[in-house]
Structure formats: C-alpha cells, structure tokens
Amino acid sequence: MKIAVEGCCHGELDKIYETIAYLEKKEAVKVDLLLCCGDFQAARNEGDMNCMAIPLKYRSMQTFYKYYSGEKKAPVMTIFIGGNHEASNHMQELPYGGWVAPNIYYLGYAGVVRYKGIRIGGASGIFKSHDYRRGHHEFPPYNPSTLRSVYHIRNIEVFKLKQIQMPIDIFMSHDWPRGIYHHGCTAELLRKKKFLRQEVESNSLGSPAAEELLAHLQPSYWFSAHLHVKFAAVKQHPPKANAAPRVTKFLSLDKCLPHREFLQIVDVAERPGSSEGLEYDPEWLAILKTTNNLQSTDAHPWNPPENNGLHERWDFRPSEAAMMQVVEDFSGDLAIPDNFSQTVQPYDPKRPKLHASPSCGTNPQTTELCATLGLTDLYAHALQGGGNMSRIQVGTGGDDDEGESADEPSEYPTDTSGLSSSYNPDEITIEDEWEEEEGKEEEEEKEKVEGSCNPKLAVSGEDLSVGPVGEVHTPGRMVLPAPKSDTSPTNLSHLMNLPPPSHSTPAVAARSSSGAEREEPCEDEDDDAASALLTLKRTSDEAEAPGSKNTTPRIKRRNQVIYTTVEDDDE
C-alpha cells in the first residue's frame with residue numbers, strides 16, 4: 001500500500017491532490033492513502049476563519065470549502081490531525097474524530113483508526129506547558145487567549161494514548177517529539193534552521209509529551225510537520241521485556257509551496273484479510289469508554305491518576321472483554337460509517353459574507369458515536385449551558401483527591417518547554433540578518449555538513465527495515481504539471497529517501513518569476529521565505545507595547561516564530 005505523507009497543509013488541498021495525481025502518472029503508481037500532519041485549516045465559511053489563530057492579512061478561504069460543499073471530492077482517502085492553525089470551532093465538533101468532508105477524516109483531539117489493517121494514530125495540537133494540565137475549557141466565542149490555547153494538547157489525551165498496548169504502525173503529531181533531532185543529521189537541520197541551535201543544544205525543542213508517547217508507543221513510523229523543514233531520523237528503542245527492540249522511522253515535512261519538500265510516498269505492507277475501508281479501532285474505543293469520566297471542561301490543572309496511593313484506579317488499559325464489548329456495541333461492524341453531513345452553510349465565493357459570525361453547533365457524527373459508546377460530548381455539554389464539567393475522580397478520597405491532584409506539580413518536573421520563548425528569532429536589534437548562501441559557497445557548506453553526519457543514519461548500504469510494516473519508495477526528481485490556476489505550484493522539489501534528505505534550495509534563477517507565492521503564517525513556527533534571500537520587515541511599531549520608551553528599532557523577519565506566539569511570550 002502506497003501512503004502519501006504531507007507536512008503542513010494550510011488549506012491547499014487542490015495543490016496537494018494535483019501533486020499526487022502527477023506523481024501517480026509519472027511513477028505509474030496508485031496512492032491509497034494521504035496523511036496530513038496538521039495545520040489542515042478546514043475552514044467551511046467566513047465564520048470559521050474568525051476561529052483561526054492567523055493574522056487578518058493572511059486569512060484566506062483556500063480550497064477546503066470546495067470539498068465540504070460537494071463541489072469536489074477528495075480523490076484519495078485522507079486522514080489528518082490538527083495543528084496550531086485550525087478552524088477550532090469546526091474541529092471541536094468532532095472531539096473523537098469524524099468526517100469533515102467526504103473521504104476526509106479527522107482523528108480528533110487524539111485517535112487511532114485502521115485502514116486496510118494498518119493501525120494509524122495521532123494527536124492534534126502543539127505542546128504548551130501552561131495549558132497541558134487543563135481540561136478542554138475553550139469554546140466559542142473565543143477570546144484572544146482561548147483562540148490560541150484551544151489548540152494546545154492536554155495531558156488527558158496523552159494519558160489515553162499511553163493506555164495503548166497493541167502495536168501502532170503509524171503515528172502523527174504536529175510538533176516534533178523532543179530530542180528526535182539527536183537521531184538524524186542534526187548539522188543539516190541547523191544549516192537550514194540556524195536559529196534552532198540554542199533549543200537543540202538545550203534539548204528544549206519539541207514536545208516532551210510527544211517524546212513520552214514515542215517511548216511508549218514505539219510506532220514503526222512517526223510523521224510530523226510544524227517547523228517547515230524536511231528532516232529524517234531513526235530512533236532505536238530499548239527492548240521491552242523479552243521483545244526484540246523496535247525501530248521508529250521519523251520524518252518531518254515542509255508545507256505545500258513550490259520548491260519545498262512537502263510530500264513523500266511510503267510503501268507499507270498490507271495485512272492479508274483486512275477490510276478495504278476505514279475502521280474504528282476496538283482497543284482505542286475501549287480506552288475512550290474507560291477514561292470518559294476523566295474528561296473535563298474545567299481550566300483547573302489536573303494530573304492523571306498514578307500508582308501513588310492517592311487513586312483507587314490508575315490503570316485504564318482495556319481488557320479483552322472490554323474490546324469485545326465495543327465490537328458488540330457496533331453489532332460486529334467496525335467500519336466507520338459514511339455519515340458526513342454539513343452542519344453550516346458552506347462558503348459561496350459569489351456571495352461572500354465579510355462579517356459572518358462563527359457557528360457553534362453539535363455534529364451528528366459525534367452525537368451518534370457518543371450514544372453508541374456512552375461517551376460525553378464535551379462541545380454539546382458546553383453549548384447547552386452545562387457549565388464546567390469537572391472530572392469524576394476515581395480515588396479513595398472523593399473531592400479531596402481532586403484538590404490534592406490539582407496542587408500536584410507538573411508530571412514533567414524537568415520540562416524545558418518554557419525555554420523555547422527565551423530566544424525569539426523574530427525579535428532582533430541588529431540592522432542586518434543572515435542570508436542564505438547561494439551558488440558555490442552553499443554547495444561547499446552542504447558537502448561539509450553531509451560529511452559530518454552520522455554514517456549509520458545514511459540510507460545507502462544500511463538496512464533500516466522495521467519488519468513487515470514496509471519500505472520507503474522514492475520517486476525521482478518531481479516537477480509539478482502545468483498549474484490549473486494562478487495559485488497552483490509550478491515546481492516541486494524531488495522527494496527524498498528516509499533518512500536523511502540531501503536537497504539544497506534551488507537557486508534564485510530557477511525559481512518562478514512570479515515568485516511572490518503567499519507564505520502561510522505560523523506565529524508559532526518559523527517560515528522560510530519562498531525565495532532564497534530572506535527579507536526584513538521593521539515592526540518596531542507592532543512589537544513595542546503602547547507607551548513604551550524603548551527607542552531601539554526592532555526588526556522582525558518575514559518568517560514567524562517557531563513554537564511561541566507573541567501572546568505566549570507575554571504570558
């Protein structure tokens with residue numbers, strides 16, 4: 001089975017599907033599945049745009065609405081997770097996952113499904129330590145704070161995923177697992193993203209929650225995005241009990257723009273006797289049932305139950321009987337029903353509504369799933385005026401347990417995520433900024449970097465097979481077909497082997513003369529410019545607080561911050 005993996009989508013579905021069609025024709029292959037690693041931007045109409053943490057100047061409907069309205073249908077089964085630029089009101093309708101359009105499936109806050117026997121899991125959002133222990137308390141209408149905190153991952157989702165015992169083939173996260181950069185060609189990464197050096201050296205880049213999940217799940221593949229750079233790594237895990245040590249192939253990809261490495265095709269072996277469609281995973285649904293009482297819409301900090309004498313139950317791993325009960329709940333048919341339905345009026349380019357209000361409503365898919373499994377629809381609970389729903393503590397002390405748990409320190413006592421905001425690459429006080437080297441100088445530097453990479457991570461001559469899960473297929477250099485519209489890409493960097501990439505940015509002369517392709521904004525990320533030279537924008541009037549007496553000019557890159565927004569820094 002051929003699986004196409006894409007980095008940050010940013011609503012560019014037309015371009016992504018056009019690229020896949022071109023690869024299929026050129027390589028004479030058929031892509032069975034598309035995985036998108038966040039920033040999907042499933043905006044259905046103008047109201048959804050107001051629920052996205054994106055500056056006004058970058059807000060654009062893009063092309064998802066065409067698939068939501070039925071104007072187009074996704075030509076390949078698509079599964080995605082959320083990132084930090086999403087239409088949050090839409091995503092919150094589907095906390096346990098569901099169809100956002102025909103043939104396009106969202107995994108929810110966290111989720112696991114099966115496709116042709118391949119077990120695929122994912123966690124939406126990015127890690128922020130100050131929101132990690134809170135419940136999902138954000139609901140429309142969002143204020144400037146909740147507009148951003150709504151996409152921060154919570155410990156309850158990580159706790160659920162840590163109850164998984166059966167092997168996972170593929171896992172997706174938007175931000176990287178912390179420390180994964182030490183298992184690939186770090187020098188090449190720092191050549192492309194020089195400002196990451198401090199965080200890499202302090203091991204504060206990435207998500208400690210994802211790092212913990214990587215160690216627990218040990219999937220065959222882990223795909224990420226967020227940093228807008230292609231990076232590959234191979235993580236060898238220590239053996240568990242008497243089992244053989246497992247290996248995870250990690251790959252992060254860029255966003256959908258010309259000359260960027262945003263798409264790669266991976267060959268994964270199908271499992272004989274598996275069904276053809278998308279299926280629920282019985283272990284995951286059993287976990288949702290056992291942990292339902294731990295969910296909360298309260299902003300009060302909370303730590304999950306542990307074997308520390310304070311909780312009557314701390315192990316929520318489902319039994320075989322619990323999984324069989326899930327199968328019975330669905331009458332033996334775990335196929336995910338094609339029950340997509342529109343819940344809002346889709347965008348009409350002929351009748352734009354510039355001042356549309358965000359929609360707030362329940363989704364029939366979630367209502368049906370909750371009724372079948374006895375789950376709580378958090379969104380419906382909030383919209384019906386149910387107030388904050390505190391977790392039902394499973395312990396010996398009733399309400400006392402809740403208070404004691406709330407005062408416990410974070411489960412990451414060595415959490416260094418806060419260090420990410422100590423150095424803001426977007427705020428500098430010098431007049432000049434580094435420029436990407438071109439021509440011969442860049443090639444010479446690249447050769448030196450490649451020579452310094454760990455030879456054990458090279459593809460040639462090294463067997464990095466992870467068993468029956470599959471191998472990596474690498475087409476040759478890819479060039480996009482003629483654009484179908486003025487905004488379609490005109491070129492695509494060739495797709496590389498896993499690991500590590502050896503692609504250098506095309507020279508300026510090779511780039512499209514129209515060049516000024518709009519970069520997607522990422523306040524929490526760093527965006528490379530589409531051209532080889534980075535341009536500077538003075539933002540002293542934007543960055544300084546009103547009334548500030550600081551006269552030092554502040555220069556802001558065209559690119560945005562990696563993991564921290566201005567608001568997050570202020571906090």
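A nonpolar core is a set of buried Ala, Val, Leu, Ile, Met, Phe, Trp, Tyr and Cys residues joined through side-chain atoms within 4.5 Å. Buried means under 20% relative accessible area, exposed over 50%, and partly exposed in between (1.4 Å probe, protein chains only). The model is predicted: local features need pLDDT of at least 70, side-chain atom pairs count only at pLDDT 80 or more, and totals for chains, interfaces and linings use all residues. Residues are numbered from 1 along each chain as its sequence is written, and side-chain values use heavy atoms, with hydrogens and water left out.

The largest nonpolar core holds 75 residues. Within it, Ile 79, Ile 120 and Phe 223 touch the most other members. Contacts (heavy atoms within 4.5 Å) of Ile 79 include Leu 33, Leu 35, Tyr 105, Val 113, Ile 120 and Leu 278, with residues up to four places away in sequence not counted. Another core, of 29 residues, lies apart from the largest one. Among its members are Tyr 17, Val 31, Phe 80 and Cys 256. In soluble globular proteins, nonpolar side chains tend to be buried together.

Helices (H or I, at least four residues) and strands (E, at least two) are DSSP runs, numbered from the N terminus. Two strands pair if DSSP finds at least two bridges between them. Six strands form an open sheet in the order S4-S5-S3-S2-S1-S12, and the pairing is mixed. Strands S4 (98-101) and S12 (263-267) are the edges, each pairing on one side only. From one strand to the next, the twist averages 30°. Strand S1 (residues 2-6) is antiparallel to S12, with five bridges. Lys 2 lies opposite Asp 267 of S12. Helix H1 (residues 13-27) packs on this sheet and touches S1, S2 (33-36), S3 (77-80), S5 (104-106) and S12. The directions of H1 and S12 make about 50°; axes are lines fitted to C-alpha atoms, for helices over the stretch in contact, and angles run from 0 to 180 degrees between N-to-C directions.

Strand S6 (residues 110-115) is largely enclosed by the rest of the structure, because six of its six residues are buried. Ala 110, Val 112 and Arg 114 point one way, whereas Gly 111, Val 113 and Tyr 115 point the other way. Strand S7 (residues 118-123) runs antiparallel to S6, joined by six bridges. Tyr 115 has Ile 118 as its bridge partner in S7. Two residues separate the strands of this hairpin, and Lys 116 takes a positive phi near 50°. S6 also pairs antiparallel with strand S13 (residues 278-280), over three bridges. There, Arg 114 stands opposite Glu 279.
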